[in-house]
Amino acid sequence: MKKFFTILICKLLRFAGKLIGKGSSKPGQVALKLCPDILSRVQLPKYIIAVTGSNGKTSTVEMIAHILTKNGKTVAWNREGSNQIEGVTTLVLDSATLGGRVKADILLIESDERFARYTFRYIHPTHYVITNLYRDQLTRNGHPEWVYDALLDSITDGTQLILNADDPLVSSFAQGRKDVVWFGADKLSSDTEELQSVYNDGAYCPICKAPMTYTTHHYNHIGHYACTKCGYKRQNTRYTITSVDLDKGEMTIDGKHTITLALKSLYNIYNILSAYTVASIVGIDGAQIAADMNNYVLKNGRVITFELGSRRGTLLTSKHENSISYDQSIRVASAYKEGCDVLIIVDAVSRKYFTSDVSWLYDIDFEMLNSDNVRQIVLAGTYVNDLVTRFSYTDIPSERIKSFEDIGEAVDHLNSDRSEYIYAITCFSDKGKFLAKVREV
Amino acid sequence: MKLLHLYHDIMNLYGDYANVSAMRRILEKSGAQVSVDRISPGENADFADYDFIYIGSGTERNQRVVLEDLRKYADALKSAVDSGTVVLMTGNSFEMLGKTLTDAKGNTVNGLGFFDFTVTEQNKTRVTGDVIYTCDFLTQPLVGFVNKCSEIKGISEPLFRVTMGPGDFDGSREEGVRMRELFGTHLTGPVLIKNPHLLTYLAEKILGKAPADDWLVSERAGYQITLRELKRRNEGA
C-alpha cells in the first residue's frame with residue numbers, strides 16, 4: 001500500500017510540476033522521504049543501462065534513447081538530465097505502473113558521478129558506461145581520483161562495465177573485474193604524437209604511479225598509453241572508431257559503418273561511439289545504428305547557431321571549470337579555415353553554487369587560439385580581468401584581444417560589419433545572457 | 001636568478017604551475033635574467049642553486065609518491081630554508097613537512113618533520129571553499145580557494161588568519177605554516193596571480209629590492225573583483 005501511494009504521489013507531483021514548468025527532482029525527493037527504499041520495491045526492466053563520466057553523459061544518453069526508440073524499443077530515461085538520486089527516482093516511479101512495474105524495455109539512466117553510489121545502491125545497472133574522468137568542477141569534485149573512488153563504490157557485482165579504453169583512469173575500473181567491454185579509437189589522422197594540453201593527467205600510471213608513455217594522443221591525455229613499469233596499458237577494443245575525417249565530417253566505426261557528423265568534434269565521435277556500443281550490446285544491427293546516427297543533431301541545446309546583425313555564428317556551450325570541454329570548443333574554432341572571431345564569457349562560474357575560483361582558466365589551452373584562423377578574440381563578463389591576465393600568459397598578440405566587463409558591450413562590439421564567423425564559447429551558467437542579445441536560427 | 005619547480009607534472013592539479021610563470025615574469029620585468037628548472041620524481045636537483053623553490057598541489061595518492069621522493073632532499077631543503085631561500089608550497093604539498101600523515105584507511109607515514117603538525121585525511125567529504133585570509137605581513141587580505149580532504153592539527157605559528165572559508169581543521173580560524181622564508185598554505189591554484197600583493201612581497205625578498213609592479217593591471221583589477229564578490233558572499237551568508 002505504501003508503495004502504491006508513494007508512486008501515486010510521485011506521479012501527481014510530476015504531473016503538476018510539468019504544468020508549472022518545475023524540474024524533475026522534487027517528486028522523487030518527496031517519494032524518497034515517504035518510502036526511502038522505494039527504488040528496491042519496484043520491478044525493473046531486463047536492461048538497466050547507466051551512463052556516467054565527466055563529459056558527454058547527457059549527449060550520449062540522448063543518442064542511445066534515439067537509436068533504441070527508432071528501433072522499436074520503449075525507453076524510460078531522464079531526458080531533463082536530473083541525474084542525482086531524486087531525479088532518477090522521479091524517472092523510475094513516473095515510468096512505473098501503480099503496482100510498481102516499470103513500463104519500458106529499457107531503463108536508461110544518466111547518473112552524476114559523485115552520487116552514483118547512492119542511486120545504484122538500490123538500482124543495479126545491467127550495463128554501466130563510464131565515458132571519461134576529467135578535471136571537472138573541481139571546486140566541488142576535488143579531483144578525478146577522488147571521483148574515481150566515489151564511482152568505485154557505485155559498481156556492484158553482476159554489472160557489465162562498458163569503459164572508454166582510451167582514458168587511463170576510466171579503464172582502470174576493470175582491475176579485478178571480468179565482465180568488461182571496451183570502446184575506443186584506433187590511431188586517427190587527427191591524432192598527435194605529442195600531448196596537446198597545458199597539463200598531463202596521463203603522465204603517471206593510475207595503478208602504480210610510474211611514468212606512462214603514449215604512442216598516440218587523440219586529445220589531451222586520451223589516447224594509447226602504457227605504463228613503463230607495471231604493464232598496465234590501453235586495452236584492445238570491441239567497438240572501435242577506425243577512422244575519422246573532421247574536415248569532411250565523417251567517422252567510421254569498426255571499419256565498415258561510416259557516419260556523417262552534424263557536429264565535427266572529437267567529443268561528438270566518442271559520444272556516438274559509446275551510444276553505438278550500448279545499442280549493439282542491446283542487439284541493434286550496426287548498420288542500422290549508423291543510419292540512425294547519420295547527421296544526428298543533438299536536441300539538448302548545447303550547440304546553437306545564431307545571427308547578430310549581418311553576422312552568423314555558433315554558440316559552443318562549454319563547461320566552466322572543465323578545461324577539456326573548453327579545449328574541445330577552442331579546437332573547433334581554431335580549425336575554422338574561413339576565419340572566425342571568438343567570444344569567451346566568464347560571468348558566473350557556476351549556476352548551481354557560488355565560487356569565484358578561476359584557477360581552471362590556467363588549465364585551458366588558450367594558446368590554440370594563436371592561429372591564423374582566429375582573427376579577433378573578445379573577452380567578457382565579471383571575471384574578464386582574470387581572462388585578460390590568463391591570455392597574457394599566451395603568445396597571442398594583445399592587439400587581437402578586446403575585453404569588456406559588460407556582456408552587452410561585448411555583443412555590441414561584435415555587431416559590426418566584419419565578415420568573420422563568430423564562435424561564442426561559454427557555459428550553461430552564462431549562455432542565456434548571450435543568447436538574449438542575438439537571434440537563434 | 002634560478003627558479004625550481006619541483007614535481008611540476010605530478011603536483012599540478014589546479015593550474016598551480018602558473019605561480020612559477022608569474023614569479024618568472026615579475027623577476028624578468030624587474031630586470032633579472034631568469035631560468036626555471038622543472039623536476040619530476042626520480043630526478044635530482046641541487047637546492048643550493050635556487051632563488052625560489054615551488055611545489056603545488058596533487059591528489060592524495062600523488063602526494064604520497066612525491067613524499068617518498070622528497071625524502072632524499074630533506075636535508076638540502078632544510079638548509080635552503082635555514083639560509084633564507086624563498087620557498088612556496090601550496091595545496092597539500094606543505095603537508096609533507098609535518099610529523100605524520102594518516103590516510104583515509106588509517107595508514108600513517110612520517111613527514112619530513114620540519115614542523116610538529118599532524119595530517120589526517122578522510123574520504124567522505126571534500127573540504128572546499130572560497131577563502132579570505134589575512135596576515136601581518138600584508139596590508140590587504142588574500143583571496144583564493146581551498147580544496148582538500150585533510151585536517152591539520154598542531155601548528156603553533158600559523159601563516160594566515162581565516163576571515164572566510166576553511167582553515168587548518170573544521171572550525172579552525174588559522175591556516176598554513178611559515179618557517180623563515182618558507183610559506184606553506186592550502187590555497188590552491190595560481191595563488192600569486194590572484195594575489196598580486198603576495199607576488200610582489202615574495203619577489204622583493206628574492207630580489208632584495210622592490211620589484212617592478214606597474215604592469216600588474218588586470219591582476220589587481222581581478223583581485224578587487226574577487227575580493228568584492230567574496231565579501232558580498234561572506235556578509236550575505
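How closely do the axes of helix α1 (residues 2-19) of chain A and helix α2 (residues 26-34) of chain A come, and at what angle do they cross? The two axes come within 8 Å and cross at roughly 160°. The axes are lines fitted to C-alpha atoms, for helices over the stretch in contact, and angles run from 0 to 180 degrees between N-to-C directions. The angle makes α1(A) roughly antiparallel to α2(A); angles under 35 degrees count as roughly parallel, over 145 as roughly antiparallel, 65 to 115 as roughly perpendicular and the rest as oblique. Helices (H or I, at least four residues) and strands (E, at least two) are DSSP runs, numbered from the N terminus.

The model is predicted: local features need pLDDT of at least 70 and side-chain atom pairs count only at pLDDT 80 or more, whereas totals for chains, interfaces and linings use all residues. Residues are numbered from 1 along each chain as its sequence is written, and chains are lettered from A and ligands numbered from 1 in the order in which they are written.

The crossing of α1(A) and α2(A) is right-handed. A crossing is left-handed if the near helix is turned anticlockwise from the far one by less than a right angle, and right-handed if clockwise. On the α1(A) side, the contact is made by Thr6(A), Ile9(A), Cys10(A), Leu13(A), Arg14(A) and Gly17(A). Helix α2(A) contributes Lys26(A), Pro27(A), Gly28(A), Val30(A), Ala31(A) and Leu34(A). Two residues are in contact if their C-beta atoms, placed from the backbone, lie within 7 Å. The residues of this contact of α1(A) with α2(A) divide into seven nonpolar, three polar and two charged. In this division Ala, Val, Leu, Ile, Met, Phe, Trp, Tyr, Cys and Pro count as nonpolar, Asp, Glu, Lys and Arg as charged, and the others, Gly among them, as polar.

Lys26(A) lies in helix α2 of chain A. Leaving aside residues up to four places away in sequence, Lys26(A) touches Leu13(A) and Gly17(A). Lys26(A) is partly exposed, with 18 other C-beta atoms within 10 Å. A residue is buried if 20 or more other C-beta atoms lie within 10 Å of its own, exposed if 12 or fewer, and partly exposed in between, with C-beta atoms placed from the backbone. A C-alpha separation of 12 Å is found between Lys26(A) and Leu93(A), which are 67 residues apart along the chain.

A further set of helix contacts in chain A involves α4, α10 and α11. In α11 (residues 286-293), the residues Ile289(A), Ala290(A), Asp292(A) and Met293(A) are buried. They lie on the same side of α11(A), because they cover an arc of only 160° around the axis; the arc is that of the directions from the helix axis to the C-beta atoms. The buried residues of α11(A) pack against α4 (57-70), β10 (250-253), β11 (257-260) and α10 (266-282) of chain A. Just after α11(A), Asn295(A) takes a positive phi of about 60°.

Helices α10(A) and α11(A) pack at an angle of about 140°, with their axes 10 Å apart, and α10(A) is therefore oblique to α11(A). Their crossing is right-handed. In α10(A), Ile272(A), Ala275(A), Tyr276(A), Ala279(A) and Ser280(A) meet Gly286(A), Ile289(A) and Met293(A) of α11(A).

For α4(A) and α10(A), the packing angle is about 40° and the axes are 9 Å apart, which makes α4(A) oblique to α10(A). Helix α4(A) passes α10(A) in a right-handed crossing. The residues of α4(A) in this contact include Met63(A), Ile64(A) and Ile67(A), and those of α10(A) include Ile272(A), Ala275(A) and Ala279(A). The contact of α4(A) with α10(A) divides into nine nonpolar, four polar and no charged residues.

Asn220(A) has a positive phi of about 45° although it is not a glycine. Asn220(A) is placed in the loop between β7 (212-219) and β8 (222-227) of chain A, and counts as buried with 25 C-beta neighbours inside 10 Å. In chain B, Tyr7(B), also not a glycine, has a positive phi of about 55°. Tyr7(B) is found in the loop between β1 (2-6) and α1 (18-29) of chain B and counts as buried, with 24 C-beta neighbours inside 10 Å.

Between the chains, 27 residues of chain A are in contact with 31 residues of chain B. On the side of chain A that touches chain B, α7 (138-141), α8 (144-152) and α13 (384-392) each supply at least two residues. The largest share, four residues, comes from α13(A). The residues of this side of chain A divide into ten nonpolar, ten polar and seven charged.
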